[in-house]
Amino acid sequence: MRPPDGQVYRFDPGALCLELLATGGPGPFARFETLHGPSELSAWAAESRLGPCPGLTVTEPELAAVRRLRDALFLFTADHAHGRPWDPRHLEPLNDAAAAPPLAARIEADGSRSWAPGATGTGLLSTVARDAVDLFTGPYASRVRECAAGDCFLLFVDTSRPGRRRWCAMERCGNRAKARTHRATKA
Ligand SMILES: [Zn+2]
């Protein structure tokens, strides 16, 4: 992540579908948009949990569909994290995307995992949407949270055994909170 104050840090939201949320968002979050063209979506996929997806083709309409799903999933996840009721309008794009065939996983001759040739933006979108279905209907659904810093809106799932994760990243918001507590104690 590259916050405006310049300190670059690593943020692992704990699930593929939540990784997509950090690429931009609806309304005021549009200024953080990073998916401006199909090549940026391919680059995101390669850096995500999916890993390299050689030969992935993404069209402009597919990119637009990914951004639509992301924005709906962003609002859906925020509602979920704060215990607010789900808006059915946010579920529709999710279920539509999940209905398409996902990327096909395969094992290469050298034992490594990769994706079958012919991967498309629609397959990528379906894979992300199915990950969201699994997350929000699975054992960690109640562990989806927003960063506890009041000025940070990053969403993550806490998959740690104790389940006490509060921050997007300890090195970012965790340390900022520690510094505040320290200053308050000294004062
Ligand atoms: Zn944070």
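Among contacts in the chain between residues at least 6 apart in sequence, 56% join residues at least 24 apart. Two residues are in contact if their C-beta atoms, placed from the backbone, lie within 7 Å. The model is predicted: local features need pLDDT of at least 70, side-chain atom pairs count only at pLDDT 80 or more, and totals for chains, interfaces and linings use all residues. Residues are numbered from 1 along each chain as its sequence is written.

The chain holds six helices and four strands. Their order along the sequence is α-α-α-α-β-β-α-β-β-α. Helices (H or I, at least four residues) and strands (E, at least two) are DSSP runs, numbered from the N terminus. The radius of gyration, taken over C-alpha atoms, is 18 Å, close to the 16 Å that the globule rule gives for 187 residues, so the chain is as compact as a globular protein of that length. The rule is 2.2 Å times the number of residues to the power 0.38. The C-alpha trace spans about 60 × 40 × 35 Å along its principal axes.

Helix 4 (residues 88–98) and helix 5 (residues 121–137) have axes that come within 7 Å and cross at roughly 120 degrees. Axes are lines fitted to C-alpha atoms, for helices over the stretch in contact, and angles run from 0 to 180 degrees between N-to-C directions. In helix 4, L94, A97 and A98 take part; they meet L125, S126, A129, R130, A132 and V133 of helix 5. By class, this contact has seven nonpolar (Ala, Val, Leu, Ile, Met, Phe, Trp, Tyr, Cys and Pro), one charged (Asp, Glu, Lys and Arg) and one polar residue (the others, Gly among them).
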